[in-house]
Amino acid sequence: MSGCRKRCKREMLKFAQYLLRLLTGSLHTDSVEDELEMATVRHRPEALELLEAQSKFTKKELQILYRGFKNECPSGVVNEETFKEIYSQFFPQGDSTTYAHFLFNAFDTDHNGAVSFEDFIKGLSILLRGTVQEKLNWAFNLYDINKDGYITKEEMLDIMKAIYDMMGKCTYPVLKEDAPRQHVETFFQKMDKNKDGVVTIDEFIESCQKDENIMRSMQLFENVI
């Protein structure tokens with residue numbers, strides 16, 4: 001592993017810690033100030049200002065995230081292997097490889113095999129601070145594995161299996177082996193309005209917004225981001 005890659009991995013692990021703090025609500029203004037005082041932030045001011053306008057993060061939050069993302073690794077992109085390594089740090093009790101693969105593809109909006117800082121921030125902004133409509137659109141894109149505009153039962157099952165694998169059997173000791181399939185069957189009974197075997201974006205959003213049980217089920221998705 002090259003020196004740059006080692007440093008990049010170290011910085012990305014720091015970045016993952018920042019994300020966890022953002023998710024738990026423990027990243028406050030004071031901590032942001034402290035982090036900024038610890039090291040010089042190398043960034044392109046005009047690019048961060050543009051991203052601030054395009055996202056729901058403050059400039060200071062973007063500066064910290066940018067430093068963690070790009071410090072000492074000027075390519076400024078994360079490949080899938082590194083993404084999986086980062087994600088595994090949060091779920092050591094299970095196997096997060098498959099879910100990280102699906103998640104990486106959802107962030108990699110131009111499908112070039114790499115996630116840039118801009119890609120990641122735009123996705124993260126939606127997941128953390130987006131409207132319900134924006135979050136549901138993003139969730140649909142995650143479940144639509146082949147990006148054909150439809151969610152099949154097989155696609156949703158693949159995602160559910162990946163989530164359960166990632167959380168680990170110790171987290172769900174009472175679940176049976178067919179729990180993911182049962183979960184998917186319940187989803188499809190409510191979402192596939194015209195019973196054609198696929199779920200469209202409109203069916204997905206309408207069902208989720210109207211059904212409190214489905215919205216609670218989606219917390220499983222939200223909690224692992």
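Biologist: Which residues line the largest cavity in this model?
Modeller: Phe102, Asn105, Ala106, Leu142, Ile145 and Lys147 do. Keep in mind that the model is predicted. The space inside comes to about 40 Å³.

Biologist: Tyr143 and Phe204 make an aromatic pair, so why is it called tilted?
Modeller: Two rings pair if their centres lie within 6.5 Å, and planes under 30 degrees apart are stacked while those over 60 are edge-to-face. Here the centres are 6.2 Å apart and the planes sit at 55 degrees, so tilted is what's left. The pair also links distant parts of the chain: Tyr143 is in helix α8 and Phe204 in helix α11, 61 residues apart.

Biologist: Is Tyr143 buried or exposed, and how do you know?
Modeller: The cut-off for buried is under 20% relative accessible area. Tyr143 has 3%, so it counts as buried. Phe204 has 0%, so it's buried too.

Biologist: Phe204 also turns up in the largest nonpolar core. How do you know where that core lies relative to domain 1 and domain 2?
Modeller: Domain 1 (3-28 + 42-128) and domain 2 (132-223) both give residues to the core, so it lies between them. The core has 47 residues, and Phe204 is one of those with the most contacts inside it. Helix α9 (residues 153-167) gives the most, with eight residues.

How values were computed. Residues numbered from 1 in each chain as written. Predicted model: local features only at pLDDT ≥ 70, side-chain atom pairs only at ≥ 80, totals over all residues. Heavy atoms only, no water. Phe/Tyr/Trp six-rings, centres within 6.5 Å; stacked < 30°, edge-to-face > 60°. Helix = DSSP H or I, 4+ residues; strand = E, 2+ residues; numbered from the N terminus. Buried < 20%, exposed > 50% of the residue type's maximum accessible area, 1.4 Å probe, protein only. Core = buried A, V, L, I, M, F, W, Y, C linked by side-chain atoms within 4.5 Å. Domains from an automatic or database assignment. 1 Å grid on protein atoms, 1.4 Å probe; cavity = no way out; pocket = protein on both sides within 12 Å on 5 of 7 lines; lining within 4 Å. Points joined across faces, edges and corners; volume = space filled by probe spheres on them.
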